[in-house]
Amino acid sequence: AAVVTVGEELLSGETTDTNGAWRGRKLASLGVPVVRRWVVGDDAEAIQAALSAALAVADFIIVTGGLGPTRDDLTRPAVADFLGLDLRSDPQIVEDLRERFRAGGFPDLPASNLSQAEVPRGAQVLANAFGSAPGLLMEHEGHSLVLLPGVPREMRGIFEGVLEGVIRDRFEARLMPLVHRTLYTTGIPESVLGERVDEVRAGLPEE
């Protein structure tokens, strides 16, 4: 897998990318190790450049952030344009948005939120139980591409509630969960310990 995280606040240091570490652990536990990560600003060209690089090194790409209703949320149109896909309004998402706002005491749905109902042609909608921006799953030339909101609670909810099952269904034969074992040492320099570990490793049979 490769991960692209979108958000100016991550580049400026206003926000720490806790999503990246969480996704790395979850994907590794599923057997989909992350081979590369990019952090880019809210810029369509930067998003597309990172996506192009990600497609060159991974089969499964996750893009998070930039799915909100404001004018600097550019991920959805930038990715659709990169893949050559039309954006189409999904009536069910529009109705879900209206209901969410009504339940929150707002009888009218702001026009800006309608952008969150735009779905690239052929994409699978991943329900978001904790927010207004659904996730999206697309296939492109043998690659699987997922768009997730950047709000941690929403991203994690979609990942654990929907995406984990999709990963297991699509890649079951190729999954090999990583197992880490941590050994704590004290009173020995790293270089000396490294030499001793190398001696042990040299005596092990090759895999």
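Phe-101 is buried in this predicted model, with a relative accessible area of 18%, which is under the 20% that marks a buried residue. Phe-106, with which Phe-101 forms an aromatic pair, counts as exposed, because its relative accessibility of 51% is over the 50% limit. The protein around this pair has 207 residues, of which buried residues make up 41%, and its secondary structure comes to seven helices and eight strands.

**Overall picture**

- The C-alpha atoms of the protein fill a box of roughly 70 × 35 × 30 Å, when the box is taken along the principal axes.
- The accessible surface of the protein comes to about 12100 Å², and 51% of this surface belongs to carbon and sulfur atoms.
- Of the contacts between residues at least 6 apart in sequence, 66% join residues that are at least 24 apart.

**Aromatic pairs**

- The structure holds three aromatic pairs, and one of them brings together Phe-60 and Phe-171, whose ring centres are 5.7 Å apart and whose planes stand at 80 degrees, so this pair is edge-to-face.
- Phe-60 belongs to strand β3 (residues 60-64) and Phe-171 to helix α6 (residues 152-171), so the pair ties together parts of the chain that are 111 residues apart in sequence.
- Both Phe-60 and Phe-171 are buried.
- The pair of Phe-101 and Phe-106 is also edge-to-face, with 6.3 Å from centre to centre and 70 degrees between the planes.

**Nonpolar cores**

- In soluble globular proteins, nonpolar side chains tend to be buried together.
- The largest nonpolar core here has 31 residues, and those with the most contacts inside it are Val-4, Ile-61, Val-63, Val-79, Met-138, Leu-145 and Leu-147.
- Several elements each supply at least two residues of this core, among them the strands β1, β2 (36-40) and β3 and the helices α4 (75-83) and α5 (91-103), while helix α3 (44-57) gives the most, with five residues.
- Ile-61, one of the residues with the most contacts inside the core, touches Ala-2, Leu-51, Ala-54, Leu-55, His-143, Ser-144, Leu-145 and Val-146, when residues up to four places away in sequence are not counted.
- A second, separate core has 19 residues, and these include Leu-27, Val-32, Phe-60 and Ile-158.

**Strand β7 and its neighbours**

- Five of the six residues of strand β7 (residues 135-140) are buried, so this strand is largely enclosed by the rest of the structure.
- Strand β6 (residues 124-126) pairs with β7 in the antiparallel sense over three bridges, and in this pairing Gln-124 has Leu-137 of β7 as its bridge partner.
- Strand β8 (residues 143-148) also pairs with β7 in the antiparallel sense, here over five bridges, and Val-146 in β8 stands opposite Leu-137.
- β7 and β8 form a hairpin with two residues between them, and in the turn Glu-141 has a positive phi of about 50 degrees.

- A polar atom of the Asn-128 side chain lies 2.9 Å from the backbone nitrogen of Phe-130, and a polar contact of 2.8 Å joins the side chains of Asn-128 and Glu-154.
- Leaving aside residues up to four places away in sequence, Asn-128 touches Arg-100, Ala-133, Pro-134, Pro-149, Glu-154 and Ile-158, and Ile-158 is also among the residues of the second core.

**Thr-5 in strand β1**

- Thr-5 is found in strand β1 (residues 2-6) and is buried, with a relative accessible area of 4%.
- Its contacts, not counting residues up to four places away in sequence, are with Leu-10, Asp-17, Arg-23, Trp-38, Val-39, Val-40 and Thr-64.

**Gly-194 in helix α7**

- Gly-194 is found in helix α7 (residues 190-202) and counts as partly exposed, at 27% relative accessibility.
- Gly-194 and Arg-181 are 13 residues apart in sequence, and their C-alpha atoms are 16 Å apart in space.

Conventions: Residues numbered from 1 in each chain as written. Heavy atoms only, no water. Helix = DSSP H or I, 4+ residues; strand = E, 2+ residues; numbered from the N terminus. Buried < 20%, exposed > 50% of the residue type's maximum accessible area, 1.4 Å probe, protein only. Contact = heavy atoms within 4.5 Å. Phe/Tyr/Trp six-rings, centres within 6.5 Å; stacked < 30°, edge-to-face > 60°. Pairing = 2+ DSSP bridges. Polar contact = N/O pair within 3.5 Å; in protein donor to acceptor, adjacent residues only side chain to side chain. Core = buried A, V, L, I, M, F, W, Y, C linked by side-chain atoms within 4.5 Å. Areas by Shrake-Rupley, 256 points an atom, 1.4 Å probe, with all protein chains shown as cover.
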